[in-house]
Amino acid sequence: MEETKVLTQRIRPDRSPVFIDDYMAEGGYEALKTALSDFGPTEVGPLIKEAGLRGRGGAGFPTGVKWSFMPRFEERPDERPAHVYLVVNADEMEPGTFKDRMIMEGDPHQLIEGMIIAAYAIGADIAYVFIRGEYVECQRRLQRAIDEAHEKGFLGKDILGSGFNLQLYLHMSAGRYICGEESALLSALEGRRAVPRHKPPFPAASGLFGQPTTVNNVETICNVPHIVKNGAEWYKGLGLNKDGGTKLFGASGHVAKPGLAEFPLGVKLGDVLEHFGGIRHGRQLKGLLPGGGSTPFLTPEHLDTPMDYDGVGAAGSRLGTATMIVFDDQTPIVGVLKNLEHFYAQESCGWCTPCRDGLPWVEKMLIGLEEGRGQPGDIELLDLHVKLLGPGKTFCAHAPGAMGPLEAGLKYYREELAALIPDDAKTLSLTESANANPL
Amino acid sequence: MELSQGEIEAIQHEMSLYEDSGAATIEALKVVQEHRGWVSDEAMAAAAKVVGVTPTQMEAVATFYNLIFRQPVGRHVIMLCDSISCYLTGYEEARDHLKSSLGIDFGGTTEDGRFTLLPICCLGNCDRGPAMRVGEDYHGDLTPERIDAILTEYK
């Protein structure tokens, strides 16, 4: 299947970066000029909404709608707060996700141009890229791109004579997955522990330093210049179903040719798998996580699923980041689940009890099952955790995200998990159990 | 103790990039770590003074973020990805080989001070798993033989 290259059109096969001269020679910053000259500040948002762009970081919230929550001060400049912020979430830490790294390393100006247009659209005067600490190469290339954009007058004061001002900074994170949660990210950016905040108020009302703030994912923002340049109708037409545009897809794990590719939203799951060479070593597909570690499993019966937000939702999972993690029929499911739940238990920020205490318990039960120390009732206890750590029971989406694959695992691979409990196993008392199964 | 002039200037630069200079708390820890390899209690207190937060506030932050080291580390920090894609492609073999060839467990530092071994969340190198980071360099498709060859590059 041929790729549809929009976000990756300038990415070179060897992934060497495209800097300012090449970027501009290939049409770069034309969209910024168009936005500043042909669109009023309040006119870009409706275009993005019309195009149907949805958040590419995992949640899939419509980007134009998110932007429309930002307060406007054009009619009441006296009330304008000290600053309005755009924050780009480049804290790519979802297990199995490696898409933002490629577009930041390969085409850093695409992100910068998208950010300038997005900041113009929401009325922001300061923008940050919140980037994970390990992505040192992304940081170097983005910093060079920022410096180049300054030299050309695309950043700073009175950009291209439009009167629009924007400062853009990089913030390198010091680690922790929870920073990817947008309100926790804002806590981190303020120099605090990355603990999520209560919503409401949402960031648009009270975000970074209490000021109006929009947080968007890297890939989401990279779509913006293309929509401004080519229009909403063109963008909608790229997708095969209801959702507009293309998506970066990835595959890792037991595929023959792991990597990244760009396809229209709505492409069939089976076709994406085939693009990545199918299952390696001549084995069969057992299951996959369609879009990162917190998306519930899909199985061979789902190969006709259209890979868009509604399609994957109807199959009982989420499109997530669309970087799929694939495992073959020789893979014990208990190990997959144990690895995933270890990650979530470790990365809980510790703020709320169900997440802080529940996730390690889940991990402990899975280790027990894997090591032949399962007890009667373990499967039911895992079921109970799916409920108690599910949506609405915790402060943020971390624990519910962790329960996604567990719930699907208990549904699709229940017999395999139950068979791990030895026939002669007894239910131990809590003390005996703790001694037998220390973590 | 006092921080060096270079550290103080780097921290002050970071403070100027935010509406509230306390936001540079994390950056200050990173600056200290860059200069000293890790963040001691004394250096942390000195950094807190520069930023204008209490040592307790700074410690709360320092103990939250996994890329801030509160103990001395070796010259090269090895971070082995233990997330799902690498788990599926041979993480356990890479882990066992690293532990046995270096003679240390996770969190340990070799006696010659050359390497510290740590597990790390998904490095975003999933199409080349199993993957690790040594210092700032990424390495993928790890096998015991490749690991041996890679480690000889770090003196």
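## A tour of chains A and B

Start with chain B: residues 24 or more positions apart account for 58% of its contacts with a separation of 6 or more. Keep in mind that this is a predicted model.

**Stop 1: chain B as a whole.** Select chain B and colour by secondary structure. Follow the chain along the sequence and the pattern reads α-α-α-α-β-α-α-β-β-β-α. Along the principal axes, the C-alpha atoms of chain B fill a box of roughly 50 × 30 × 25 Å. Of the 155 residues in chain B, 45% are buried.

**Stop 2: a helix pair in chain B.** Select residues 41-51 of chain B, helix H3, and residues 55-62 of chain B, helix H4. At what angle do H3 and H4 of chain B pack? The angle is about 115°, and the axes are 9 Å apart. The crossing of H3(B) past H4(B) is right-handed. Now show the side chains at the contact. H3(B) contributes B:Met44, B:Ala45, B:Ala47 and B:Ala48. From H4(B) come B:Pro55, B:Gln57, B:Met58, B:Glu59 and B:Ala62. Colour these residues by type: seven are nonpolar, one is polar and one is charged.

**Stop 3: chain A as a whole.** Switch to chain A. It holds 18 helices and eight strands. Its radius of gyration is 23 Å, close to the 22 Å that the globule rule gives for 439 residues, so chain A is as compact as a globular protein of that length. The C-alpha atoms of chain A fill a box of roughly 80 × 45 × 35 Å along the principal axes. Buried residues make up 55% of chain A. Among contacts in chain A with a separation of 6 or more, 73% are between residues 24 or more positions apart.

**Stop 4: helix H8 of chain A.** Select residues 182-189 of chain A, helix H8. How many of the eight residues of H8(A) are buried? Eight of the eight are, so the helix is largely enclosed by the rest of the structure.

**Last stop: A:Gly191.** Step just past the end of H8(A) and centre on A:Gly191. This glycine takes a positive phi of about 85°.

Definitions and conventions:
Residues are numbered from 1 along each chain as its sequence is written. Chains are lettered from A and ligands numbered from 1 in the order in which they are written. This is a predicted model: local features need pLDDT of at least 70, side-chain atom pairs count only at pLDDT 80 or more; totals for chains, interfaces and linings use all residues. Helices (H or I, at least four residues) and strands (E, at least two) are DSSP runs, numbered from the N terminus. The radius of gyration is taken over C-alpha atoms; the globule rule is 2.2 Å times the number of residues to the power 0.38. A residue is buried if 20 or more other C-beta atoms lie within 10 Å of its own, exposed if 12 or fewer, and partly exposed in between; C-beta atoms are placed from the backbone. Two residues are in contact if their C-beta atoms, placed from the backbone, lie within 7 Å. Axes are lines fitted to C-alpha atoms, for helices over the stretch in contact, and angles run from 0 to 180 degrees between N-to-C directions. A crossing is left-handed if the near helix is turned anticlockwise from the far one by less than a right angle, and right-handed if clockwise. Ala, Val, Leu, Ile, Met, Phe, Trp, Tyr, Cys and Pro count as nonpolar, Asp, Glu, Lys and Arg as charged, and the others, Gly among them, as polar.
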